[in-house]
Amino acid sequence: MQANRRLFLILTLLVVFGSLGALIWTSFTGSLVYFHTPTEILATGTSKAGQKVRIGGMVQAGSLVKEAGTQKIRFIISDGANQLPVRYEGMTPDLFREGQGVVAEGPWQPGQDFMAATILAKHSEDYIPVEMSAEGIARSKESMLRSLQ
Amino acid sequence: MKRLFALNRWLGWLTLSLLAAALWLVFTAPLDYQQGNSVRILYMHVPSAKMALFVYIALTVFSAWHLWKKSETADILAEASAPVGAAFALVTLVSGSIWGKPMWGTWWAWDARLTSMLVLLILYMGIIALRNGIDDPIKGGRATAILAIFGAIDLPIIHFSVSWWRTLHQPPSFGQASTGSTITGPLLPPLVWMSVAFIFLGTYLVILKAREIRGRRILENLETERTSHA
């Protein structure tokens, strides 16, 4: 009993300081950025070719194309300055919409359409009653672009 | 402390009425223009997150006070804070997950905000485990206080994570835009009321737990006295 308790104690402290340490370490190495913008990823040239990357921005208004009879979609991720065409097949989250934020994950192949394996929607910090939709869309675009800087 | 315990019954009733009023506002608030009804999860998620941090601030103050003045009251309040804070942190993570699955498309993401909040929950559990793992209550109280004070480094990390690093979690809704808050019109009052109700709820729970701990310590002291006489 006594030995079990001590073991449990040591394990817990290891987990606590391990996770704290890992968090602080990754913050110094810069990998705490959850995703890159199209501008950043295009600037890497071929150095990230074949690597799994996350690319985030806004689903450009008017760019979303659904292939009839399948779950295949195409759209453009924009960060205001640069655009990146994306292809994806599968279910999309509720908040995945034109003019809203998105994070796409997949292998980076420079010069080709980005083949996303996973699509996550990114919500802006705006909460707006449904009666004010038009104003909401304009404001969330503004805050999303600000958070991409 | 006894007077505090007597007042706590009234604090409980006040908390209950505040919660009822706040919940009425939560369920009569309009739909969000993007999230629809899911926006109501916010009213549980944000107040719990705030309380998980507030309770930890209180825990750090009690710990410092205990180390400095060797105050039994501070030690009891520190011991009482840990499980309450852990509960708030757990509610934050679970409610966030329930919102994240339909909205983001995932239960979990290892971004800076979510990870640092998980670290807070683990810290709370480590603090509870450390106290229970040391047989001598005086040593246990002191070791726990030291761990709690070191752990406070996670608080600014959680708070600023969404401003320092690009996260999947949305940036703060307050104090960033020139407009004040990005939560608009009738969507804001339920959050304010829920936050106030949760501050009362947290205080009530800590005092309630402190009463139980104090009673248990008195009982344990009597038991040791009795066995030493026999």
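Hi everyone, let me start with a term: a polar contact is a pair of N or O atoms within 3.5 Å, where within protein one must be able to donate a hydrogen and the other to accept it, and residues adjacent in sequence count only if both atoms are side-chain atoms.

Before going on, a word on what we are looking at. This is a predicted model, in which local features need pLDDT of at least 70 and side-chain atom pairs count only at pLDDT 80 or more, while totals for chains, interfaces and linings use all residues. Residues are numbered from 1 along each chain as its sequence is written, chains are lettered from A and ligands numbered from 1 in the order in which they are written, and side-chain values use heavy atoms, with hydrogens and water left out.

Back to Gln170(B). Where does Gln170(B) lie? Gln170(B) is in the loop between α6 (154-164) and α7 (189-229) of chain B. Those names come from DSSP runs, helices being H or I with at least four residues and strands being E with at least two, numbered from the N terminus. A second polar contact, of 2.9 Å, joins the side chain of Gln170(B) to that of Tyr127(A). Is Gln170(B) buried or exposed? Gln170(B) counts as buried because its relative accessibility is 7%. For that scale, buried means under 20% relative accessible area, exposed over 50%, and partly exposed in between, with a 1.4 Å probe and protein chains only. Leaving out residues up to four places away in sequence, Gln170(B) touches Lys122(A), His123(A), Ser124(A), Glu125(A), Tyr127(A), Trp99(B), Trp104(B) and Val162(B). Contact here means heavy atoms within 4.5 Å.

Now let's step back to the whole interface. Chain A brings 51 residues to the contact and chain B brings 50 residues. The size of an interface is often given as the accessible area lost when the parts come together. Between chain A and chain B the buried area is about 4200 Å², with 63% of that from carbon and sulfur atoms; this is the accessible area (1.4 Å probe) that two parts lose on being put together, summed over both.

How many salt bridges are there between chain A and chain B? The count is one salt bridge, meaning a side-chain nitrogen of Lys or Arg within 4 Å of a carboxyl oxygen of Asp or Glu. That pair is Glu40(A) with Arg166(B), whose closest N and O atoms are 2.7 Å apart. There are also 22 residue pairs in polar contact between chain A and chain B, both residues at pLDDT 80 or more. On the side of chain A that touches chain B, the elements giving two or more residues are α1 (2-29), β7 (118-122) and α3 (133-147) of chain A. Of these, α1(A) gives the most, with 15 residues.

Next, a strand inside chain A. Strand β1(A), residues 52-59, is mostly covered, since six of its eight residues are buried. Strand β1(A) runs antiparallel to β5(A), residues 101-107, and seven bridges join them; two strands pair if DSSP finds at least two bridges between them. Strand β1(A) also pairs in the antiparallel sense with β3(A), residues 72-78, over two bridges. There, Met58(A) has Ser78(A) as its bridge partner.

On the β5(A) side, Arg54(A) has Glu105(A) as its bridge partner. Glu105(A) and Arg54(A) also form a salt bridge, with the closest N and O atoms 2.8 Å apart. This pair links distant parts of the chain, 51 residues apart. Glu105(A) counts as buried at 17% relative accessibility, and Arg54(A) counts as partly exposed at 24%.

Finally, over to chain B. Asp75(B) forms a salt bridge with Arg217(B), the closest N and O atoms being 3.0 Å apart. Asp75(B) lies in helix α3 and Arg217(B) in helix α7 of chain B, so the pair ties together parts that are 142 residues apart in sequence. Asp75(B) is buried at 5% relative accessibility, and Arg217(B) is buried at 15%. Both belong to a network of salt bridges that also links Glu72(B), Glu79(B), Arg131(B), Lys209(B), Glu212(B) and Arg216(B). Over all chains, the structure holds 16 salt bridges.
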